[in-house]
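Okay, thanks for coming, everyone. Let me put it up on the screen.

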Amino acid sequence: METGGGPLPVGPGPVLGTAPVPAATPPANNSFGKPRALPKGREFFRNQRKDSEGFSESPDLEFEYSDSDKWAAELSVKDKKWTEVDISEHQAHAMRLLDGLEVTAREKRLKVARAILYMAQGTFGECNSEGEVQQWMRYNVFLLLEVGTFTALVELLSMEIDNSAACSNAVRKPAISLADSTDLRVLLNIMYLMVETIRQETDEDNPEWRAMRETFRTDLGVSLYNNEPFSVMLFGMVTKFCSGHAPHFPMKKVLLLLWKTVLLSLGGFEDLQVLKVKKREALGLPPLPEDSIKVIRNMRAASPPASASDLIEQQQKRARREHKALMKQDNLDAYNEKDPYKTEDPREDDDENEDNDNSLETETFPLEREEVLPPPIPHPTCERLSLPKGLPWAPKVREKDIETFLESSRSKFIGYTLGCDTDTVVGLPRPIHESIKTLKQHKYIAIAEVQIKKEEEYLKKPLSAGDEEFDLTPAEVLYQGILPSLPQYMIALLKILLAAAPTSKAKTDSINILADVLPEEMPTTVLQSMKLGVDVNRHKEIIVKAISAVLLLLLKHFKLNHIYQFEYMAQHLVFANCIPLILKFFNQNIMSYITAKNSISVLDFPYCVVHELPELTAESLEAGDNNQFCWRNLFSCINLLRILNKLTKWKHSRTMMLVVFKSAPILKRALKVKQAMMQLYVLKLLKVQTKYLGRQWRKSNMKTMSAIYQKVRHRLNDDWAYGNDLDARPWDFQAEECALRANIERFNSRRYDKSPSNPDFAPVDNCLQSVLGQQLALPEEFQMNYDLWLEREVFSKPISWEELLQ
């Protein structure tokens, strides 16, 4: 587990006995299968030829984006041996440990919890290799799940959260350290190991394990623990920490557990793709034009932008060409044969004449590490045009785009409009007919559009539409659980993200996120200080990874479940300044962040418990590991870019925030990372604001514009490259957000607020018999004076029956 300086791993747990027993073949031999091999340094680089334009060498980052890193990376966590007894003794010992969690003595309970943690870590004291540790981890974790350990741990965690004495002591302490969160960290470590291990599916899993995994996934996604999903309890820990009432909470472990819980209960990105396909089928919509996950994985990266030295070299070559233009033609021909700077393709000369753009030359991005680059194909000098192999994305058109095109065509050629009619083409020229046919061929109806139309119907006909029927999916249950406090949850996550960002400066009013990494006694030597510095930086990187993954998963799942759930969360992120926060995060040397080596590989679990550790020196700490890039940092950057895309897509007011905060140069620097997926989302963010950046910016960045054309999906009739969009009127921005907020509030009120706010819409009983037959509880004082009430209110007042009948 990524603990960053915590007391993991713990020592061996209690022995089982002393009597010699014949060794039993562990059941794991039949069910474990081959352990997943540890990454071999994740050597994801290959040599690249130097660009002919003089750009610096920068190999493609063969980074495979997924829901999380490899299992082993995410966990870089006695007389009778545990590995030598049979299943019955394993189960009996697990039950005894489970009973030990219920004792009232705190120290005994903590000792039992440490023994369970040792089991969850694979009883590493009896293993000789990392693979063996991982095998026993899987077996022990499923054993613990089978006897009900996770439920007991949730109850203990709930007790620790409500421990007012520990909270008050932590608030009064001037400095929080690791010792203040020992109990919590042990519980969170066990739960993280269980959730992450159970989440990983292997082909060797037996049917019992598969059934247990599905049951566990269901339990995490429903209101089983304290009548709320387990994720809501963890969200509560985050807000309690940020409010200052529990500064000793180990936030890194809480966020990691929250991320993996959401990931297991709701599903990862591939699960989302499957759910999206099923939902489109259920709504009767056409299938998706392509699998976006496969398309992105097959995309090619682009070369990084030119450095200052490359730009100077280009200027020198341009000066040489201007000098050559003054020479006589016969001497020019002879000179060209000897000129080492002469380009073989005349198209390259045209590219160099453009203003020095952060050039994006397409490079191959092999799927296999052993793939060899094919020899370059020579271009004929007489031809300047080359047909593209094909764009990666099928173009899309919205219904609104077709309506806009038809309205403008009718106004131009006929002089009248028909509103939302997209079928009548009488009087329009034949080319317009062909254009409309092409647009309709690529029309894409999103699930969100169907959901918005249904919501409009419910609002138009609140009585006749009836109650809405919807499935209680894990995403729906989670949204209902976090709905009352969702704004506070979003603010808390962004506060922690701000404190963990490498560009943030320490402030007195900022929250302390280092409570579970700082020791009680500060280091006294240079080596200890360096090790603590690595731990602190690694600690912050893991927090950024967890928060970015949680936010992205929630946004995507809520958008699929219902568009207004997504909009509610997205709007509160925008109100909490998420957009400038992400831009501030990227306003750094992003290459340094991607290649940061804030890890000590020999201390990662399980390597550190099965190998003899070498002596750490200042030189070895400075050198870091052998990886060419940091998986978690690249993962975090891609997640934050995807979140930024989610928040700004089709929102002109938020797109203008990108322009106001001068995001274009910040995003262009991020293109230096030679990874196709990251470049794609950077180019998407540049595309949406291109029309606002002015003609000079577009003229000076033609290669960036070309890269957008090659890599980003085309929206037919989308005038993204110019400033002619009628929807981009600045005076409508505030009204746009207000209208969206009103729609969200109506949706939440109609669907989740069961108390009728408007009495006019409350049901009325018009049946005389049922009204008169109701048993009403009358006050005792009224019953004693009933005769007086009849005399005063009934008999003494005249009744005009004629008026009543009229």
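So, start with H29: its buried residues pack against helix H23 (563-575), helix H24 (578-586), helix H28 (631-648), helix H30 (663-670), H31 and H34. Contact here means heavy atoms within 4.5 Å. Helices are DSSP runs of H or I with at least four residues, numbered from the N terminus.

Quick housekeeping. This is a predicted model, where local features need pLDDT of at least 70 and side-chain atom pairs count only at pLDDT 80 or more, while totals for chains, interfaces and linings use all residues. Residues are numbered from 1 along each chain as its sequence is written, and side-chain values use heavy atoms, with hydrogens and water left out.

Back to H29. Which of its residues are buried? His-652, Ser-653, Arg-654, Thr-655, Leu-658 and Val-659. Buried is under 20% relative accessible area, exposed is over 50%, and partly exposed is in between, with a 1.4 Å probe and protein chains only.

Now take one of those neighbours. H29 (residues 652-660) and H31 (residues 676-689) pack at about 100°, with axes 9 Å apart. The axes are lines fitted to C-alpha atoms, for helices over the stretch in contact, and the angle runs from 0 to 180 degrees between N-to-C directions. That makes H29 roughly perpendicular to H31, a label that covers 65 to 115 degrees. On the H29 side you've got Thr-655, Leu-658 and Val-659, and on the H31 side Leu-685, Val-688 and Gln-689. By class, that contact has four nonpolar, two polar and no charged residues.

On to charges. How many salt bridges are there? The count comes to 25, taking a side-chain nitrogen of Lys or Arg within 4 Å of a carboxyl oxygen of Asp or Glu. Lys-674 pairs with Asp-60, closest N and O atoms 3.3 Å apart, and Lys-674 and Asp-60 are both buried. Asp-401 and Arg-398 meet at 3.4 Å, N to O, and they're both buried too. For contrast, look at Glu-745 and Arg-741, which bridge at 3.6 Å. Those two sit four residues apart in helix H34 (residues 733-752), so about one helical turn separates them. Glu-745 is partly exposed at 48%, and Arg-741 is partly exposed at 41%. There's also a network of salt bridges linking Arg-106, Glu-160 and Asp-183.

Next, His-90, in helix H3 (residues 87-100). Its relative accessible area is 0%, so His-90 is buried. The His-90 side chain reaches the backbone oxygen of Trp-82 at 2.8 Å. Setting aside neighbours within four places in sequence, His-90 touches Trp-82, Val-85, Trp-136, Tyr-139 and Leu-143.

Phe-605 and Pro-606 are joined by a cis peptide bond, omega about 5°, and Pro-606 is in the loop between helix H25 (590-594) and helix H26 (607-610). Asn-577, a non-glycine residue, has a positive phi near 65°, in the loop between H23 and H24. Asn-717 has a positive phi near 70°, in the loop between helix H33 (702-711) and H34. Asn-577 is partly exposed at 47%, and Asn-717 is partly exposed at 49%.

That's my tour, thanks.

Key
Angles under 35 degrees count as roughly parallel, over 145 as roughly antiparallel, 65 to 115 as roughly perpendicular and the rest as oblique. Ala, Val, Leu, Ile, Met, Phe, Trp, Tyr, Cys and Pro count as nonpolar, Asp, Glu, Lys and Arg as charged, and the others, Gly among them, as polar. A polar contact is a pair of N or O atoms within 3.5 Å; within protein, one must be able to donate a hydrogen and the other to accept it, and residues adjacent in sequence count only if both atoms are side-chain atoms.
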